[in-house]
Amino acid sequence: MTPPPLGLYLHIPFCRQRCDFCAFYLEIYREGRAETFVRSLLHEIGHSAHQHVTPGRPIQSVYVGGGTPTALASTQLITILAEIRTHFALASDCEITVEAHPSTISEQDLVQLRQAGVTRMSFGAESMEDGDLTRIGRPGAVHETVVAVTQARAAGFTNINLDLMYGLPGQNLESWQRTLVHCLALAPTHLSCYALTVEQDTKLASNIQRQRSPAPDESLQIEMDEAAQRILGDDGYERYEVSNYAQPGYACQHNLLYWTNGEYLGLGPSAQSYLDGTRFGNVADLAAYDTSLVASCLPIEDCTRLSEEEQLRDAVIFGLRLTRGIPSHHLHQHAANYGHAAVTALLLAQQLIEEDGVRSRLSARGRLQADTIAGQLY
Ligand code: SF4
């Protein structure tokens, strides 16, 4: 029997500086730390492949995220990819994504990454208005995104994503629409549009508390979300998940694994895995991660075996985010398992979840409350 698709995620925990809104686990880049980390990651790749993956099981997607993967030198990224090929069997059509901050990548880096087999570049543009970037403490400038996309295409990349955020301090509907139109002029194959959320213990949270920055305006974010759907839809992009749009055939195969309860192995500090019905996660501490691997131990901090009911719960909660949704009987089976029949009926009556008799999905209004609905169904 053909095994289900398996993805590989690598967390590169470095950035040149922390953006005001960011709560991810990361370290500020230092050359020596990065060299030690790469050595540890190479160890982890070999150990994990041996311990977790049946030899020869094909990897359908590799996603190098962070942090800022391109905080590392492209030669280091290429060494990491070569180690992956040594220990894992990559499918012939394996999607290999590298996330990049536009100001941390050169034309030469892009050529080298393409030659190393990277198939997809994902640039963290965030906005195409310099003022927005300044107000969220995001280093870099819009023209660097334009240059990076142009150079990526010249290097041979035909699959390019831009990450955007909306509801930023000082951003209004018109400036968001300008950002979208500017992005479309770059013709990416994929766009991720994330509503700004204020995470605890971030500089943004502190700025809002001290009234130095406005809190996100939820009704404006709803208008921005609707504008994105309209503008991108008119240009041929299909919304296939709450925050993700793609030209036909360019949905991100790796991220689809998360929303379809697929299997993935996460490597690097704080990376999460889901294999054989078990979720496990690496320690979110670079020093502890390095120490563990020096001692030839995998840096796994927590591990939870999911019951069948819990696996169905996760499949329902993630799958509802997809435009194609989930089989309706899964939603109702989960409701019965968890005593959620009343809340599920209410979500359907409020038309936050819609059913067509066969499949269920979040409605357009439901997508705007995706996290709240997930909490109600957990
Ligand atoms: S570049 Fe990305 S990961 Fe790094 S601090 Fe900014 S938002 Fe966070």
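Student: Leaving aside its neighbours within four places in sequence, which residues is Ala370 in contact with?

Tutor: Ala370 is in contact with Val242, Arg321 and Leu362, where contact means that the C-beta atoms of two residues, placed from the backbone, lie within 7 Å. This is a predicted model, in which local features need pLDDT of at least 70, side-chain atom pairs count only at pLDDT 80 or more, and totals for chains, interfaces and linings use all residues. Residues are numbered from 1 along each chain as its sequence is written.

Student: How far apart are Ala370 and Val242 in sequence and in space?

Tutor: Ala370 and Val242 are 128 residues apart in sequence, and their C-alpha atoms are 7.7 Å apart in space.

Student: Why is Ala370 called partly exposed?

Tutor: A residue is buried if 20 or more other C-beta atoms lie within 10 Å of its own, exposed if 12 or fewer, and partly exposed in between, with C-beta atoms placed from the backbone. Ala370 has 18 other C-beta atoms within 10 Å, and therefore it is partly exposed. Ala370 is found in helix H15, residues 370–377, where a helix is a DSSP run (H or I) of at least four residues and a strand a run (E) of at least two, both numbered from the N terminus.

Student: What makes strands S12 and S13 a pair?

Tutor: Two strands pair if DSSP finds at least two bridges between them, and S12 (residues 272–275) and S13 (residues 278–282) are paired in the antiparallel sense over 4 bridges. S12 and S13 form a hairpin with 2 residues between them, and Asp276 in the turn has a positive phi of about 50 degrees. S13 is also joined to S14 (residues 300–305) by 5 bridges, and these two strands run antiparallel.

Student: Why is helix H11 called oblique to helix H12?

Tutor: The axes of H11 (residues 308–319) and H12 (residues 328–338) come within 9 Å and cross at roughly 130 degrees. Axes are lines fitted to C-alpha atoms, for helices over the stretch in contact, and angles run from 0 to 180 degrees between N-to-C directions. Angles under 35 degrees count as roughly parallel, over 145 as roughly antiparallel, 65 to 115 as roughly perpendicular and the rest as oblique. The crossing angle of roughly 130 degrees therefore makes H11 oblique to H12.

Student: Which residues of H11 and H12 meet?

Tutor: Glu309, Leu312, Arg313, Ala315 and Val316 in H11 meet residues of H12 including His330, Leu331 and Tyr338.
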